[in-house]
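Have the sequence and the 3D view ready, and look for each residue as its name comes up.

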Amino acid sequence: MSASIDPTLRRIIVCPNCRGDLADGPTDGPADGPTDAGGDELVCVDCGYGYPVRDGIPVLLVDEARRA
């Protein structure tokens, strides 16, 4: 999952909810939509929100986040 995200981008993105660091989430969950690869996400280490990664692009919208 994170291999498809540009390393430069990974260094600068943070959680839009709390500005915490984002870590790789589980990759075995169900797909959330037609373009979702099936559970790829970035998870905030502080607040626990999980942000989907669709087609290699992190969707950093709090409204789209999976709440822990």
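What percentage of the 68 residues in the protein do buried residues make up? Buried residues account for 35% of the 68, where buried means under 20% relative accessible area, exposed means over 50% and partly exposed is in between, with a 1.4 Å probe and protein chains only.

A word on how to read what follows. This is a predicted model, in which local features need pLDDT of at least 70, side-chain atom pairs count only at pLDDT 80 or more, and totals for chains, interfaces and linings use all residues. Residues are numbered from 1 along each chain as its sequence is written, and side-chain values use heavy atoms, with hydrogens and water left out.

**The overall layout**

The protein has one helix and four strands. Helices (H or I, at least four residues) and strands (E, at least two) are DSSP runs, numbered from the N terminus. Read from the N terminus on, the elements come in the order α-β-β-β-β. Among contacts with a separation of 6 or more, 33% are between residues 24 or more positions apart; a contact means heavy atoms within 4.5 Å.

**The nonpolar core**

Which residues make up the largest nonpolar core? Its ten residues are I5, I13, C15, L22, L42, C44, Y49, Y51, V53 and A65. A nonpolar core is a set of buried Ala, Val, Leu, Ile, Met, Phe, Trp, Tyr and Cys residues joined through side-chain atoms within 4.5 Å. The elements giving two or more residues to this core are β2 (36–44) and β3 (50–54). In soluble globular proteins, nonpolar side chains tend to be buried together.

Leaving aside neighbours within four places in sequence, L22 is in contact with R10, I13, V14, C15, L42, V43, C44, Y51 and L60. V14 sits in the loop between α1 and β1 (22–24) and is partly exposed at 24% relative accessibility. With neighbours within four places in sequence again left out, V14 touches R19, G20, L22 and L60.

| Pair | Apart in sequence | C-alpha to C-alpha |
|---|---|---|
| V14 and C44 | 30 residues | 7.9 Å |
| I12 and L22 | ten residues | 10.0 Å |

I12 belongs to helix α1 (residues 7–12) and is exposed, with a relative accessible area of 62%.

**Tyrosines and cysteines**

A search of the whole structure finds one aromatic pair. The ring centres of Y49 and Y51 are 6.5 Å apart and their planes are at 50 degrees, so the pair is tilted. Rings of Phe, Tyr and Trp (its six-membered ring) pair if their centres lie within 6.5 Å; planes under 30 degrees apart count as stacked, over 60 as edge-to-face and the rest as tilted. Y49 is buried at 17% relative accessible area, and Y51 is buried at 0%.

How many disulfides does a search of the whole structure find? The search finds zero, a disulfide being a pair of cysteine sulfur atoms within 2.5 Å. The sulfur of C47 is 3.7 Å from the closest cysteine sulfur, in C15, which is too far for a bond. C15 is buried, with a relative accessible area of 0%, whereas C47 is partly exposed at 26%.

Five of the five residues in β3 are buried. Both faces of β3 are covered, with G50, P52 and R54 on one side and Y51 and V53 on the other. Two bridges join β3 to strand β4 (residues 57–58), and the two run antiparallel; strands pair if DSSP finds at least two bridges between them. Within this pairing, R54 stands opposite I57 in β4.

β3 and β4 form a hairpin with two residues between them. D55, in the turn, has a positive phi of about 55 degrees although D55 is not a glycine. D55 is exposed, with a relative accessible area of 62%. R19 also has a positive phi, near 70 degrees, in a residue other than glycine. R19 lies in the loop between α1 and β1 and is exposed at 64% relative accessibility.

**A polar link**

Finally, look at E41 in strand β2. E41 counts as buried at 8% relative accessibility. A polar contact of 2.7 Å joins the side chains of E41 and R66. Such a contact is a pair of N or O atoms within 3.5 Å; within protein, one must be able to donate a hydrogen and the other to accept it, and residues adjacent in sequence count only if both atoms are side-chain atoms.
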